Amino acid sequence: MHQVGTRNLAKPFKEDDPPGQSVSMTNKLIPRESPGIHQNKATFRDDSICKKRAVGRFLVLDSIEDLKDYFNFQKSHRIFESDLDIVNNPCDINRRKYRDAEVLSVMAANAPAGRILDIGTHLGRSAARMAVNSPRSTIYTVNIHPDDARDAGLLVTDILSEEQIGSFYRERNIQNIRQLYANTKYWQVPEELSDLSLVYVDGCHDTDFVISDTKLVFSRVRKGGFILWHDFTPIYRDNFSWIDTAMRGVEQLIREGLITGFVLNVRNSWIGIWQKLQAL
Ligand SMILES: C[S@@+](CC[C@H](N)C(=O)[O-])C[C@H]1O[C@@H](n2cnc3c(N)ncnc32)[C@H](O)[C@@H]1O
């Protein structure tokens with residue numbers, strides 16, 4: 001959620017503010033819950049290390065390199081957008097758009113190739129990033145149709161026309177994307193959307209939607225696959241009310257036991273990252 005509509009900034013922030021509640025990962029010994037499909041160099045042997053560096057169940061990594069080390073990712077990623085450092089509004093702090101693109105691109109490049117789901121198409125930038133970085137995957141991207149807009153949630157970035165939805169990837173003729181239209185509140189997820197290697201939850205940012213969108217697709221995510229949530233940053237949750245709202249959804253999923261282990265965030269990106277290690 002990038003554009004400021006009726007939302008209020010809860011607190012002012014300073015550019016390059018050293019974030020009060022974030023946790024610095026100053027070395028490469030980044031523990032994880034347990035070895036997944038990407039066996040990590042540093043496994044979860046010393047949970048005291050995690051407790052020291054985590055904010056509850058959220059772990060903030062210093063850099064994209066730390067993220068790659070954490071999962072032992074080997075594949076390189078590509079950032080093809082040249083406008084990511086243009087500041088359009090008060091949310092574009094600390095290269096946030098670039099950091100988001102970086103995280104999404106790295107995750108798509110390194111998740112197993114197959115099927116990827118993008119919830120919340122908007123212009124289609126996130127779908128395009130994932131498609132370019134995972135060319136052997138099919139990216140399914142779903143957005144509420146403008147005719148159904150009345151029944152969307154509250155924290156909805158934009159209701160675009162059908163021509164606008166996905167226009168960014170269509171203009172670039174990116175082929176491995178399938179456009180779907182649905183209000184995820186009532187969506188009957190097609191059978192073919194199974195064994196997903198990556199899901200990006202970036203539709204409506206109401207707490208209830210973050211919860212229901214995640215639950216809707218949870219069983220479709222393969223073991224070792226990833227769920228990412230946009231508007232997730234422990235650093236800025238006190239500055240932007242809708243980030244807090246979205247993160248409350250993830251916290252509820254943790255309380256319910258659906259999300260186990262750590263949810264990661266790379267400093268100055270607004271994406272939460274979680275790997276599903278059990279085939280549930
Ligand atoms: C923040 S934008 C997505 C941005 C996109 N992921 C990107 O990074 O380029 C959120 C999108 O979700 C759509 N949306 C909101 N509520 C929805 C719902 N209930 N079901 C499906 N799409 C929804 C909005 O219309 C909007 O286009």
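Mentor: Start with W229, which touches V201, V210, A246, V250, I271 and G272, leaving out residues up to four places away in sequence. Touching, or contact, is when two C-beta atoms, placed from the backbone, lie within 7 Å. This is a predicted model: local features need pLDDT of at least 70, side-chain atom pairs count only at pLDDT 80 or more, and totals for chains, interfaces and linings use all residues. Residues are numbered from 1 along each chain as its sequence is written.

Trainee: How do I read two packed helices?

Mentor: Two packed helices are described by the angle between their axes and the distance between the axes. Axes are lines fitted to C-alpha atoms, for helices over the stretch in contact, and angles run from 0 to 180 degrees between N-to-C directions. Helices here are DSSP runs (H or I, at least four residues), numbered from the N terminus. Take α2 (residues 64-71) and α3: their axes come within 11 Å and cross at roughly 25°.

Trainee: What does that make α2 and α3 to each other, roughly parallel or roughly antiparallel?

Mentor: Roughly parallel, therefore: angles under 35 degrees count as that, over 145 as roughly antiparallel, 65 to 115 as roughly perpendicular and the rest as oblique.

Trainee: Which residues meet there, between α2 and α3?

Mentor: From α2, I64, L67, K68 and F71 meet E102, V103, V106 and N110 of α3.

Trainee: And how does α3 pack with α4?

Mentor: α3 and α4 (residues 125-133) have axes 8 Å apart, at an angle of about 40°. That makes α3 oblique to α4. On the α3 side, the contact includes A101 and L104; on the α4 side, R129 and M130 are among the residues.

Note on methods: Helices (H or I, at least four residues) and strands (E, at least two) are DSSP runs, numbered from the N terminus.
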